[in-house]
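Open the model in your viewer, with the sequence panel beside it. The stops below say what to select and what is there.

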Amino acid sequence: MAKSELEIVKYPKIKHIKMLVNKIQSVEDHIHNDFEFFLVLKGRGRAKVDAKNYELEEGDVYFVNSGDVHSYSALPSNRSSDNTEVAVPPTFLFVQISNHFIRDYFPQIRTTIFKSGNLKECLNEEDYKYMVRMLVLAAIAYFSEYNYYQLDIMANIAKTLALTYKSLDHEIINEGQKQKVKRKNARLERIISYIDANFDTQIRLEDLANMENLSVTHFSHLFSSSFGVTFQEFVNLKRMEQCIRLMSNSEKTLLEISYESGFSDPKYMNKMFLKKFGCTPKEYRRNLDVRNSDFEIQMGKFETIFNDTMSIKYLKDFKAQKIDIAN
């Protein structure tokens, strides 16, 4: 998930369902064909889904529709020794579900378009607590692999989806409309991949518009509506993310990092960092050392995927603090 591209979801344990417990500093814009629930187990964060920004709090559950561009990042919450705000990576449970799940019994799942968003806004309090509980119990089963765990996963995920269909805005489209959506998603995948491969060189909106056989005006509107920022803002964000990766190499100067990230002028890099983070690249690099030691973000790594044992620990801690107490 570190790259801005189509994410191919594989299912290592049970067909059509994958779960992850992750600590995330930053995961770039990406897209996949699976539905995704994510639950904030610990900390605070920010998500951008279908060009809309959300601030995330512990216990929040969101739904991401198949094909929606989305990204995740930490929010500043603690302060380092020099009184600078530090972004503490939040911990998430991700539940990814193929749109082929239970299709033999409910074929409409293949052609359903949901409206992504915060489930707290469309569920009453009782149903919301129920959904959180079903997701956590399904995840504990997934990572524990006790006897007959597959049946508990299937049962709890089916209940979660049933409540999602009953509560979340959605449309069941025909096969022709489905193919149109797939073509749009394929276009977004190409655009993301092209920018990811070329942001460190001179890259122009006109080149991408020509690649997609669109006018510059049409392409610019498509880009802004899909990603929530302008083309140039998106490219600058990519370049700043590359700067941060390269900062972990103490042998590289900031001048070298600027050029290797695609900034033609170090002053422009400074301007972008001040606008995005409220500090210069030099100050950010100094604070990065604090984050590396305290929060395990090393060598440009922006995401930690926990093993089964640690995943179970986070889930059971969350269950004890947020679910068992509430019930």
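## Starting in a loop

Glu145 lies in the loop between H1 and H2. The model is a predicted one, and residues are numbered from 1 along the chain. Select Glu145 and check its backbone: phi is positive, at about 55 degrees, although the residue is not a glycine. With a relative accessible area of 40%, Glu145 falls between the cut-offs of 20% and 50%, so Glu145 is partly exposed.

## The two helices on either side

Now select residues 125-144 for helix H1 and residues 149-167 for helix H2. Two packed helices are described by the angle between their axes and the distance between the axes. How do the axes of H1 and H2 cross? They come within 8 Å and cross at roughly 155 degrees. An angle over 145 degrees counts as roughly antiparallel, and H1 and H2 are therefore roughly antiparallel to each other. Their crossing is left-handed.

Show side chains on both helices. On the H1 side, the residues in contact are Asp127, Tyr130, Met131, Met134, Leu135, Leu137, Ala138, Ala141 and Tyr142. On the H2 side, they are Tyr149, Asp152, Ile153, Asn156, Ile157, Lys159, Thr160, Leu163 and Thr164. Colour this contact by residue class and you will find twelve nonpolar, three polar and three charged residues.

## Thr164

Keep H2 on screen and centre on Thr164, which is found in this helix. Is Thr164 buried or exposed? Its relative accessibility is 1%, so Thr164 counts as buried. A polar atom of the Thr164 side chain lies 2.8 Å from the backbone oxygen of Thr160. Leaving aside residues up to four places away in sequence, Thr164 touches Phe37, Phe63, Phe114 and Met131. Met131 is also one of the H1 residues that meet H2.

## Leu39

Next, select residues 35-42, which form strand E3, and pick out Leu39 within that strand. Leu39 counts as buried because its relative accessibility is 1%. Which residues does Leu39 touch, not counting those up to four places away in sequence? They are Gly59, Asp60, Val61, Thr91, Phe92, Leu93, Val132, Val136 and Phe318. Draw a C-alpha to C-alpha distance from Leu39 to Phe92: the separation is 5.6 Å, although the two residues are 53 apart along the chain.

## Helix H10

Select residues 308-324 for helix H10, and within it find Lys316. Lys316 has a relative accessible area of 47% and is therefore partly exposed. Its C-alpha is 7.7 Å from that of Ile140, a residue 176 positions away in sequence.

Stay in helix H10 and move to Ser311. Ser311 has a relative accessible area of 0%, so Ser311 is buried. The Ser311 side chain reaches the backbone oxygen of Phe306 at 3.4 Å. Not counting residues up to four places away in sequence, Ser311 touches Val21, Phe143 and Phe306.

Select helix H6, residues 231-247, together with helix H8, residues 266-277. The axes of H6 and H8 come within 11 Å and cross at roughly 95 degrees. Angles of 65 to 115 degrees count as roughly perpendicular, and H6 and H8 are therefore roughly perpendicular to each other. From H6, the contact is made by Asn236, Leu237, Met240, Cys243, Ile244 and Met247. From H8, the residues are Tyr268, Met269, Met272, Phe273, Lys276 and Phe277. By class, ten residues in this contact are nonpolar, one is polar and one is charged.

## Another loop

Go to the loop between strand E10 (91-97) and strand E11 (112-114), and select Ile102. Ile102 is not a glycine, yet it has a positive phi of about 50 degrees. Its relative accessible area is 28%, so Ile102 is partly exposed.

## Zooming out

Finish with the whole chain in view. How many helices and strands does the chain have? There are ten helices and 14 strands. Of the 327 residues, 50% count as buried. Among contacts with a separation of 6 or more, 72% are between residues 24 or more positions apart.

Key. Predicted model: local features only at pLDDT ≥ 70, side-chain atom pairs only at ≥ 80, totals over all residues. Heavy atoms only, no water. Axes fitted to C-alpha atoms, helices over the stretch in contact; angles between N-to-C directions. Helix = DSSP H or I, 4+ residues; strand = E, 2+ residues; numbered from the N terminus. Parallel < 35°, antiparallel > 145°, perpendicular 65-115°, else oblique. Left-handed = near helix turned anticlockwise from the far one by under 90°. Contact = heavy atoms within 4.5 Å. Nonpolar A, V, L, I, M, F, W, Y, C, P; charged D, E, K, R; others polar. Buried < 20%, exposed > 50% of the residue type's maximum accessible area, 1.4 Å probe, protein only. Polar contact = N/O pair within 3.5 Å; in protein donor to acceptor, adjacent residues only side chain to side chain.
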